[in-house]
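Me: I would like to learn how to read a fold feature by feature. Can we work through one together?

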Amino acid sequence: MFKKLARDVITSKREDFDSILKRGLQKQREEVALALQRFPYFDDWGEEIIKETCSVSNVRSYLPNKLVLDGTKGASQNFTYFILDGSCCVIHRLRVTSNLVAGQCKFKMSPDQSDSASPNSQSIYMQTCIFRAGVCFGLGENLENKWVVAQNAVKCLRIPLHVLMANNKGNVWCRIRQFLDLRFPSSDEVFKQFVAQRTWTEFRKKNFELCIKRRSTRSGISYTDVPYCYRVNSSLPALHHPTAKRLKSKRKSTSSDETRLSGADLKLLKDQNEIYEDFLDSMVHLRLRSVLK
């Protein structure tokens, strides 16, 4: 909106300057006023305070994956953000060091999270929170080493922080700030979650490869491998039935240990075997989860 307003001012005549500027500012104030009505915090604000807030605030849109608020040390945080549409995620950065111990990569959190010059130091990024429509942030909470990034198309109402603190009825903004600080996980908690997820990912990959290798080297299935109940059912048809005659002729021509199934019987047996193996895999997964707990 500011770019369009500046273009109109540059291309207009001098006598039209005031009208163009007033029209642009009036549109901005109306947009902010409508946004304020969506939040109950401003219901008790007087008309003069609302007018002042509308004149210094704005509504800004962000594309997906764009940075909304920078938590880097030294970055200015002069505005408070009220999400109107869309959602944002909080990305927490950790400084960790890695060492190879007994063939495995072990991680340790750096004591100084702002220092990137230590040896073997690297940064990892973890998503810790999600802000949706109706949430506000940027009230002075601890956002060090955190970034707020748009997950999708996001529209935010931005109000200067000093305006809110000057109208802190019931200490509401300080209570919201305290609530946000309690909700953000600490660096130690984020690091423990990172180690747990990495351990689980490595274990799952290793066992998946073992299962694939075991299945690829599986030997053929003979008639004696079929559960007895299925063999009984296969012998129920009359002797003159083509399937019964075929199975009978195979039993006579070869020994029972070497007889092979074919067609629909072999497909049924393979399906049953795969179901059984999937069941075993799920039992191993549940057992692992109980051990990790």
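Reply: Start with a term: contact means heavy atoms within 4.5 Å. Keep in mind that this is a predicted model.

Me: Which residues is Phe82 in contact with, leaving aside its neighbours within four places in sequence?

Reply: The list is Phe39, Tyr41, Phe42, Val135, Cys136, Lys155, Cys156, Leu157, Ile159, Leu164 and Trp173. Phe82 has a relative accessible area of 0%, so it is buried.

Me: Which residues of the largest nonpolar core touch the most other members?

Reply: The general idea is that in soluble globular proteins, nonpolar side chains tend to be buried together. Here the largest nonpolar core has 37 residues. Phe42, Phe82, Phe131, Phe137, Leu157 and Trp173 touch the most other members. A second, separate core has eight residues, among them Ile124, Val190, Phe191 and Phe194.

Me: How many aromatic pairs does the structure hold, and how do I read their geometry?

Reply: There are 14 aromatic pairs. Look at the angle between ring planes: under 30 degrees counts as stacked, over 60 as edge-to-face. Tyr81 and Phe137 have ring centres 5.3 Å apart and planes at 5°, so they are stacked. Tyr81 is in strand 3 and Phe137 in strand 7, 56 residues apart. Tyr81 is buried at 6% relative accessibility, and Phe137 is buried at 0%.

Me: Why is the pair of Phe82 and Trp173 edge-to-face?

Reply: Because the planes stand at 80°, with ring centres 6.0 Å apart. Phe82 lies in strand 3 and Trp173 in helix 5, so the pair ties together parts that are 91 residues apart in sequence. Trp173 is buried, with a relative accessible area of 1%. Both rings belong to one aromatic cluster, formed by Phe39, Tyr41, Phe42, Trp45, Phe82 and Trp173.

Me: Trp173 brings us to helix 5. Which residues of helix 5 are buried?

Reply: The general idea first: an α-helix has 3.6 residues a turn, so residues three or four places apart point the same way. In helix 5, the buried residues are Val172, Trp173, Cys174, Ile176 and Leu180. Their cover includes strand 3, strand 6, strand 7 and helix 4. Helix 5 spans residues 172-183 and reaches 17 Å from its first C-alpha to its last, close to the 16 Å expected.

Me: Now the sheets. What is the strand order of the open sheet of four strands?

Reply: Strands of a sheet pair through backbone hydrogen bonds, either parallel or antiparallel. In this sheet the order is 1-9-3-7, and the pairing is antiparallel. Strand 1 (58-62) and strand 7 (136-137) are the edge strands, each pairing on one side only. Strand 1 and strand 9 (residues 154-160) share five bridges. Asn58 has Arg158 as its bridge partner in strand 9.

Me: Is strand 8 enclosed or exposed?

Reply: Five of the five residues of strand 8 are buried, so it is largely enclosed by the rest of the structure. Read the two faces separately. Lys146, Val148 and Ala150 are buried on one side, Trp147 and Val149 on the other. Strand 2 joins strand 8 through three antiparallel bridges, with Leu69 opposite Val148. Strand 4 pairs with strand 8 over five bridges, also antiparallel. In that pairing Cys89 stands opposite Val149.

Me: His92 is in strand 4. Is His92 buried or exposed?

Reply: His92 is buried, at 2% relative accessibility. Its side chain makes a polar contact with the side chain of Ser187 at 3.4 Å. Beyond its sequence neighbours, His92 also contacts residues including Tyr125, Asn145 and Val190.

Me: Where does Val190 lie?

Reply: Val190 lies in helix 6 (residues 187-216). It is buried at 4% relative accessibility. Val190 and Met126 are 64 residues apart in sequence, yet 7.3 Å apart in space, C-alpha to C-alpha. Met126 is among the contacts of Val190, as are Leu94, Thr128 and Pro185.

Me: Last, backbone angles. What is phi of Asn65, and of Asn145?

Reply: Phi of Asn65 is near 70°, a positive value in a residue other than glycine. Asn145 also has a positive phi, near 60°. Asn65 sits in the loop between strand 1 and strand 2 and is exposed at 66%. Asn145 sits in the loop between strand 7 and strand 8 and is buried at 11%.

Key. Residues numbered from 1 in each chain as written. Heavy atoms only, no water. Pairing = 2+ DSSP bridges. Helix = DSSP H or I, 4+ residues; strand = E, 2+ residues; numbered from the N terminus. Buried < 20%, exposed > 50% of the residue type's maximum accessible area, 1.4 Å probe, protein only. Polar contact = N/O pair within 3.5 Å; in protein donor to acceptor, adjacent residues only side chain to side chain. Core = buried A, V, L, I, M, F, W, Y, C linked by side-chain atoms within 4.5 Å. Expected span 1.5 Å × (residues − 1). Phe/Tyr/Trp six-rings, centres within 6.5 Å; stacked < 30°, edge-to-face > 60°.
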